[in-house]
Amino acid sequence: IQFALTVRSLCVFCAQSVTMPMYNASSWLDEGLQAILHQDFLGTMELSVFDDASTDDSRKVVEGWRERLEARGISVVISGHNSAQPRGVGYAKNKAITQSCGQYLCFQDADDVMLPQRVRLQYEASFLHPNTLIGCKVQRVPEGSTERYTRWINTISQDQLITQVYTSHGPTVVMPTWFCSRNWYLKVGPFDEGGKGVPEDLLFFYQSLRQGGSVARVDQCLLVYRYHEKATTHSVTEETIWKLRVDFLQERVLSQWESFTIWNAGKQGRKLYRSLSSTNQEKVKAFCDVDENKIQKGFYTYEESKQRPKPKIPVLHYKDASAPFIICVKLDMTGGVLEENLNSLLLKEGTDFYHFN
């Protein structure tokens with residue numbers, strides 16, 4: 001049953017809307033809503049919340065903030081449904097956006113906390129960079145959780161926001177930090193509404209890139225990004241993400257290359273090879289590695305192949321291999337050795353190699 005429906009055609013457009021999908025978030029909402037109240041953005045602003053069948057008092061908590069937010073000039077739109085089961089994050093995001101009025105959209109998860117400058121700085125960046133998903137640096141809470149992931153979010157360069165879109169980390173600007181124009185959302189979206197187990201943020205991110213969109217980051221920490229076991233991220237399997245990444249890599253990179261080398265003759269490199277289409281498997285001229293045991297074997301034989309004879313791919317030392325490379329070695333896990341090896345070959349990321357892990 002839908003309740004508190006808002007007809008968007010009747011609302012007055014404002015500069016920007018904070019859109020918040022919500023499901024059983026009552027324990028985090030007060031902190032997050034107080035942070036929205038304290039934004040230093042001077043333009044017209046709105047909070048649009050869609051409750052995806054919460055069974056706690058989330059809706060009551062938000063309603064309790066309505067008067068304070070409206071006194072600050074922030075209009076509040078709340079709707080939702082009370083079906084037996086939630087419809088999923090993608091559905092709730094789309095509903096929160098559809099009922100909102102802002103020309104720009106600030107995506108806010110119900111369990112995160114924005115810093116006072118977030119809306120202002122991302123609005124300014126989005127105004128200057130249309131057709132772009134704008135992100136920001138984050139503070140991860142609890143401190144030390146997902147340490148490598150957090151370091152990656154905060155330290156990759158502007159160029160790497162584009163070149164590292166194939167790694168297992170997912171979108172190079174993480175969804176809880178997104179900010180974009182409504183026009184861009186309408187061109188790219190809506191979010192996939194498949195529900196639990198669907199990485200709606202990754203699918204939207206890839207589609208934004210397909211549409212010619214760019215990615216940028218405000219290089220300040222503007223969000224406290226909470227890690228906890230109830231996060232919807234945990235419902236998406238690694239295999240689902242793996243298949244999407246492989247398909248996107250084939251579509252965007254491998255289709256442009258006549259041949260390439262897979263950097264890593266171990267488990268991850270071989271898994272990538274087996275996941276490729278037969279056309280792209282034929283483009284793999286070699287594996288390369290630093291492990292002498294793997295190199296001395298000379299070849300990797302694709303035992304599962306139906307071809308006869310079975311394909312045998314050479315295994316070389318990385319210094320004897322030739323670009324371009326797909327790097328299947330985990331970032332930030334070799335104490336800088338991988339990066340030194342890549343630098344020694346004078347390779348340019350995005351031209352001579354792409355990171356996949």
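Buried residues have under 20% relative accessible area, exposed ones over 50%, and partly exposed ones fall in between (1.4 Å probe, protein chains only). Helices (H or I, at least four residues) and strands (E, at least two) are DSSP runs, numbered from the N terminus. The model is predicted: local features need pLDDT of at least 70, side-chain atom pairs count only at pLDDT 80 or more, and totals for chains, interfaces and linings use all residues. Residues are numbered from 1 along each chain as its sequence is written, and side-chain values use heavy atoms, with hydrogens and water left out.

Helix α5 spans residues 147-155. Its buried residues are Tyr149, Thr150, Trp152, Ile153 and Asn154. They pack against β7 (132-141) and β9 (214-226); contact here means heavy atoms within 4.5 Å. The loop between β7 and α5 contains Pro142. A cis peptide bond joins Val141 to Pro142, with omega about 0 degrees. A cis peptide bond also joins Ala323 and Pro324, again with omega about 0 degrees. Pro324 sits in the loop between β13 (312-317) and β14 (325-327).

Helix α5 also contributes to a pocket. On a 1 Å grid over the protein atoms alone, a pocket is an open set of points with protein on both sides within 12 Å along at least five of seven lines, and lining residues have an atom within 4 Å of a point. Grid points are joined across faces, edges and corners, and a volume is the space filled by probe spheres set on the points. The second largest pocket holds about 300 Å³ of space. Its lining has 17 residues, and the closest to its centre are Gln160, Gln164, Leu331, Glu339 and His355. Two or more lining residues come from each of α5, α13 (337-344) and β15 (353-355). The largest share, 4 residues, comes from α5. By class, the lining has 6 nonpolar, 6 polar and 5 charged residues. Here Ala, Val, Leu, Ile, Met, Phe, Trp, Tyr, Cys and Pro count as nonpolar, Asp, Glu, Lys and Arg as charged, and the others, Gly among them, as polar.

UniProt places the feature "domain: Glycosyltransferase 2-like" at residues 17-185, in an unreviewed entry. The end C-alpha atoms of this span lie 13 Å apart. The span is 39% helix and 24% strand.

Ser100 occupies the loop between α3 (89-98) and β5 (104-107). Ser100 is buried, at a relative accessible area of 0%. A polar atom of its side chain lies 2.6 Å from the backbone oxygen of Ile97. Asn183, in helix α7 (residues 182-188), is exposed at 61% relative accessibility. Asn183 and Ser100 are 83 residues apart along the chain, and their C-alpha atoms are separated by 13 Å.

Two other buried residues lie elsewhere. Asn280 belongs to helix α11 (residues 278-281) and has 6% relative accessibility. Leaving aside neighbours within four places in sequence, Asn280 contacts Gln250, Leu254 and Phe260. Val236 lies in the loop between β9 and α9 (238-252). Its relative accessible area is 19%, so Val236 counts as buried.

Two asparagines have positive phi. Asn24 has phi of about 45 degrees although it is not a glycine. Asn24 is in the loop between β2 (16-22) and α1 (26-37), and is partly exposed at 24%. Asn131 has phi near 60 degrees. Asn131 is in the loop between α4 (118-128) and β7, and is partly exposed at 40%.

Technical notes: Polar contact = N/O pair within 3.5 Å; in protein donor to acceptor, adjacent residues only side chain to side chain. UniProt positions renumbered as here; feature names shortened; annotations may be inferred. 1 Å grid on protein atoms, 1.4 Å probe; cavity = no way out; pocket = protein on both sides within 12 Å on 5 of 7 lines; lining within 4 Å.
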